[in-house]
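Dear colleague,

I am handing over the structure below, together with some notes on what came out of the analysis. Please read them alongside the coordinates.

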Amino acid sequence: MSTEHRLADATDPEATVGNLLTYAALLNTPKLARLYVYVLRNGPVAIETVKDDLELPHSTTYKYVGELEEMGVLTRHEDSRPTTIEVEPIRLTMETDHGDVVVTPVLVDAIARQIDTEDIRVFVERQGIPKLAAALHYTVRVMDGDLTQRTAANKLDVHPVEGMTVITALQDVVEGAEAYDPYLDTGE
């Protein structure tokens, strides 16, 4: 089921809040985010392949698959052998007092990368997920040539070295996301 379709119908507050909760779960659970992004990149893919490639315990893999399925973003194809799964690229648009915010799979990937990328993990521990989202926004602007890393770090209101370090780490995330995030706007 496409999240884009559900978000377009503003008359369905249940679906809209459901999408918000889906993102909250993905943004607060790096291992779940990692599984989501892996399946988004490689799907349809066998569940056992996901388990093996991500080195997850059997029970954790099936727990996360079940959670994504309950959220409505994962589809199981049980007619194929072995059973395969795939996920929808999700997008959440929020109107805030500070302007519209669009959250796409690239942010979920940034959350997932903190498992393997110390610079992102430390930044999230010190600054939090909202600041990571801002850093991702500025990373795209740096990559588009709109800002320098130092200017972006200043806009983040963090120490320049910390800001430039996370922006450098996030550039890998953005470059990879261009292949699987249809909502990523890199300005190219």
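Which residues in helix 8 are buried? They are L132, A135, L136, Y138, T139, V140 and V142, where buried means under 20% relative accessible area with a 1.4 Å probe and protein chains only.

Before the rest, some caveats: this is a predicted model, in which local features need pLDDT of at least 70 and side-chain atom pairs count only at pLDDT 80 or more, while totals for chains, interfaces and linings use all residues. Residues are numbered from 1 along each chain as its sequence is written, and side-chain values use heavy atoms, with hydrogens and water left out.

Helix 8 covers residues 129-143, and its 15 residues reach 21 Å from first C-alpha to last, close to the 21 Å expected at 1.5 Å a residue, a span computed as 1.5 Å times one less than the number of residues. The cover over its buried residues includes helix 6 (105-113), helix 7 (118-127), helix 9 (149-156) and helix 10 (160-177), with contact meaning heavy atoms within 4.5 Å. After helix 8 comes G145, with a positive phi near 85°.

For the chain as a whole, there are 10 helices and 5 strands, which are DSSP runs (H or I of at least four residues, E of at least two) numbered from the N terminus. Of its 188 residues, 43% count as buried, and among contacts between residues at least 6 apart in sequence, 60% join residues at least 24 apart. The C-alpha atoms fill a box of roughly 50 × 40 × 30 Å along the principal axes.

Best regards

Notes:
Buried < 20%, exposed > 50% of the residue type's maximum accessible area, 1.4 Å probe, protein only.
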